[in-house]
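Subject: Two-chain model, handover and notes

Hello,

Please find the structure below. My notes on it follow.

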Amino acid sequence: MGDWKTITVPVLSSDSKNILSYTSERKRSPTSMNSQVLRLSLPSCKNMHSFFSAFCTEENLDQSIAYIDRELTTLGFPSIYAESKGKEINLVSVINCMNELLVLQHKNLRAQEEVEMQHLKLGSDMDHLQNCYAKLKEQLELSKREIVGLQERDRQLQSKNRNLHQLLKNEKDEVQKLQNIISSRATQYNHDMKRKEREYNKLKERLHQLVMNKKDKKLAMEVLNYVGRADGKRGAWRTDKTEARNEEEMYKVLLSDYEQRQKQLLLANAELKKVLQQMKKDIISLLPPQKQKPKERCEDGVVLSDQEEDIGELNKENMWEMSCETVREQLTNSIRKQWRMLKNHVEKLDNQVSRGHSGALNEKDVISREDHELETERLESEIQQCKEMIKTQQQLLQQQLTCDDDTTLLLQDCYLLEERERLEEEWRLFREQKKNFEKERKSFTEAAIRLGLERKAFEEDRGTWLKQQFLSMTGDCKSEIVTTPSAFLKSKYLVQIMLLHNSDPDIRSVRSASRQRKPPSVSSPAVSPEPCLISQYITQNSVASEKPAAENMPYLWVESDKEETE
Amino acid sequence: MDFSELFKLSGLLGRFSPDGKCLASCVQHRLVVRDASSLQILQLYTCLDQIQYIEWSSDSLFILCAMYKRGIVQVWSLEQPDWHCKIDEGSAGLVASCWSPDGRHILNTTEFHLRITVWSLCTKSVSYIKYPKACQQGVAFTKDGRYMAVAERRDCKDFISIFVCNNWQLLRHFDTETQDLFGIEWAPNGCVLAAWDTCLEYKVLLYSLDGRLLSSYRAYEWPLGVKSIAWSPSSQFLAIGSFDEKVRILNHVTWKKITELDHPATIASKKTIVYKEVEKSPTVGTERLSFPPTRALASSLFSTQSKYEISQVPVSLQYIKPVADRANPKVGVGMLAFSADNCFLATKNDNIPSAVWIWDIRKLKLSVVLEQLCTIQCFQWDPCQSRLAVCTGSSRVYLWSPAGCVVVQVPGEGDFQIMSLSWHSSGNSMVLLSKDHFCVCYLEREKV
């Protein structure tokens, strides 16, 4: 309030300098202005009225307007005069300016509010921090006090400990002292004992002498008659020989005892070696094979290769018999190695099981618990199925064994039918095969016949050719004699004719008749009449037709059994 | 089980002959030889004085009767009852007498252990062994009877002499590293001799037959040491019972301890069976063990019946702490015995005097504890199978075998306090000895 009043005074004087100073004053203390505004947040109407009227009165209206205009222009608002130099007020611009000022005022108020809020917040934060600080300070104090207390206790305990140590040392010293006392007393007693013993020995000697001197006249021993020795032998004199013999016998006894013990130990050793061998085999079988575990291989690759070498070496039988130091060492070392590997393997499996349960499966051949459970369920269901199957089969078996006669007969008939059908099937197959075989045989024999005939024809040809040669050599050339090439043709013709005739049923019947007469040994007697028959027929007939070789042709060249089958 | 009637006895001297045919017993100055199975009197001999000790010769043909007071040993023959032999030590006195293994020599230890005289029944020769040691077990024969070891002491040092029993020639003589040799014992295989020191020193020395020291074993230094020693029948183990209530077993290969068997007052192991003898209230007319009913009435009035019950583990046994300032305290393992088949070891801890501990040697674990009502007087293993007979000074004999255990009341009127027992060599019977009477108990083969 006071500021306003001081400010209003230079305005009333309407001095430019004062106004300037006023404005500069105003600029210098905007915050004080603001605080003034804050304090004047809710001015009463009356105050406002009087307040506002203090600035502008009837007299200084123009000056105040000019002043207002100047202020507004300096603040950047447009002039409130209608024209640049006139004294007419542009109401519109005045209203605008007022509006602008109001807006500005609102803005300023808002900013002020915000600032006030922040101020409050900061104030509360500050309070809070101060509280915390106070609390922490308290805590620090407490802890310091505690520390002091604990240190005190620690000190007490340490002193107690020291006391106990001291006591222990004292006790130990006392024990040592007592032991020393005991030992010294023991030596003293021993010494005394020895002294007394010597005295006693002296007495004994004296007594002995007296006793021996005072010998009874009669014999100390009275026997009716002397008894023979237990083993029936006579007593022997004591000589060096007997001494030597005694020594010998004693050593014999000792030696036999040692030998016996050694035997037992050897047996025990052999047993243990066997056990070790067994264990080794078991361990090797238990250990995982190298290919499936590449990881392990890289870790113990070297060791495993050694193991394989060891296996190769030490599983030989003769190595087990050797008992020298190095072999034994190697053996025990190898077993220890393998046992360690087995242990590692088992530990790994354990880890994997525990890891697998949590779900982190890194290796492909480890199955998680769920898979394992699924597997077991599947296996169980399989087992169940198998069991049911077994049960049904058992029932069927039971039925078969215990059903009535009718059903058994029926069943048997059914089985028989089945069997018969099967047998018929087989028979059919068999016959088919037989036919096939026959065909093959026929073709084979045909070929053989042809070959034989050709050979025969060739032979005949050769013969005729030789004859011709011979005849030609003699000089006469007959037209009947055929040249070599055509001889073959003729022979072929001849062969064909032969074949043709052979296929005649007459020939066949004759042959069969002859065969039937002498079934077993048909070949040889049959051979002789046949060619004659053939030749006869050849000369008689002249029909030539292509016919496949007769089935019965090959009797000349083939064994008898084939003929019989026909 | 059959029991014979009670016969008179004096001095706990009742022995079966080694061949098992006869039983010798003494009544004051009379020696009675009976048939072992029928207990008929075969021979009756009269000695000059009250008999203090009898021993059969190894071939069961002779019996020696020693009368220490008079210093006389009389030898009787079973084949020829007219034959007699008297050995008079005269003023030398007599403290001990025993047969040699061949059954033809008698070794007499004179008073004050001045000497051991070897009297021969075959020849007129007499041998003397000087400076024998006055200890508990000073003379030891090997099982096959070839060698004899004698403990000697000269100039305050202990020695052991080994003699050949054939001709009494000295084979070896060596000194031992003991303070005061207490006893010697041969292993059953006759090749190792165990010697142990007095209880003030725990020391067990093992010597070979040729006098070499094989090994020396010492468990601890100051407390009282060895109380009892036993070899296993196979010579594989040596059990040493000591005053610290433990048994240590050494093995014959390394002579090192293979285990320590402890005898605590509380048994906690679940695998141990504890048989406790409990008294049954006497009932009249209920079933008894094979004797006529008239006696039953009489005995039931005078004696209490008892039976075995299995106690639930943990069991705490009656532990007695002995008086501290007496010599030879009743502390420690005082009795040790291996069974004949080498499977079990029976021990008695003198701190727990009414219990027998049976250890399984194959497993080296405590197998059974028999807790009796009275102090154990004596136990002995059956020479043929693993069966243990125990007597506690009552009129009952206790038998244990791996199949179970049984209490058998000896029938008879009056008190029959069994103080000692001895098995027959066949394992079919045993003689039960009390102060004034003895009785023979016949066991059927199948039972227990």
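How many residue pairs are in polar contact across the interface of chain B and chain A? The rule finds 13, with both residues of each pair at pLDDT 80 or more. A polar contact is a pair of N or O atoms within 3.5 Å; within protein, one must be able to donate a hydrogen and the other to accept it, and residues adjacent in sequence count only if both atoms are side-chain atoms.

On conventions, this is a predicted model, in which local features need pLDDT of at least 70 and side-chain atom pairs count only at pLDDT 80 or more, while totals for chains, interfaces and linings use all residues. Residues are numbered from 1 along each chain as its sequence is written, chains are lettered from A and ligands numbered from 1 in the order in which they are written, and side-chain values use heavy atoms, with hydrogens and water left out.

The interface

Chain B puts 49 residues into the contact and chain A puts in 45, where contact means heavy atoms within 4.5 Å. About 4,400 Å² is buried between the two chains, 54% of it on carbon and sulfur atoms. Buried area here is the accessible area (1.4 Å probe) that two parts lose on being put together, summed over both. In chain B, the residues that lose the most area to chain A are B:Cys156, B:Gln169 and B:Trp222, together 14% of what that side buries.

The rule also finds three salt bridges across this interface (a side-chain nitrogen of Lys or Arg within 4 Å of a carboxyl oxygen of Asp or Glu). One of them pairs A:Glu197 with B:Arg153, whose closest N and O atoms are 2.2 Å apart.

On the side of chain B that touches chain A, the elements giving two or more residues are strands S10 (84–88), S13 (115–120), S16 (147–154) and S18 (169–175) of chain B. Helices (H or I, at least four residues) and strands (E, at least two) are DSSP runs, numbered from the N terminus. S10(B) gives the most, with five residues. By class, that side has 21 nonpolar, 14 polar and 14 charged residues; Ala, Val, Leu, Ile, Met, Phe, Trp, Tyr, Cys and Pro count as nonpolar, Asp, Glu, Lys and Arg as charged, and the others, Gly among them, as polar.

S10(B) also pairs with a strand of the other chain: three bridges join it to strand S1 (residues 221–223) of chain A, and the two run antiparallel. Strands pair if DSSP finds at least two bridges between them. A:Glu222 stands opposite B:Lys86 in this pairing.

Seven of the eight residues of S17(B) (157–164) are buried, meaning under 20% relative accessible area (1.4 Å probe, protein chains only). S17(B) runs antiparallel to S16(B), with eight bridges, and B:Met148 has B:Phe163 as its bridge partner. Two residues separate these strands in a hairpin, and B:Asp155 in the turn has a positive phi of about 50 degrees.

S17(B) is joined to S18(B) by six bridges, again antiparallel, with B:Ile160 opposite B:Phe174. This hairpin has four residues between its strands, and B:Trp168 in the turn has a positive phi of about 55 degrees.

Other points

Chain B has one helix and 41 strands, and 59% of its 448 residues count as buried. In chain A, A:Ser93 lies in helix H6 (residues 91–213) and counts as buried because its relative accessibility is 8%.

Regards

Note on methods:
Buried < 20%, exposed > 50% of the residue type's maximum accessible area, 1.4 Å probe, protein only.
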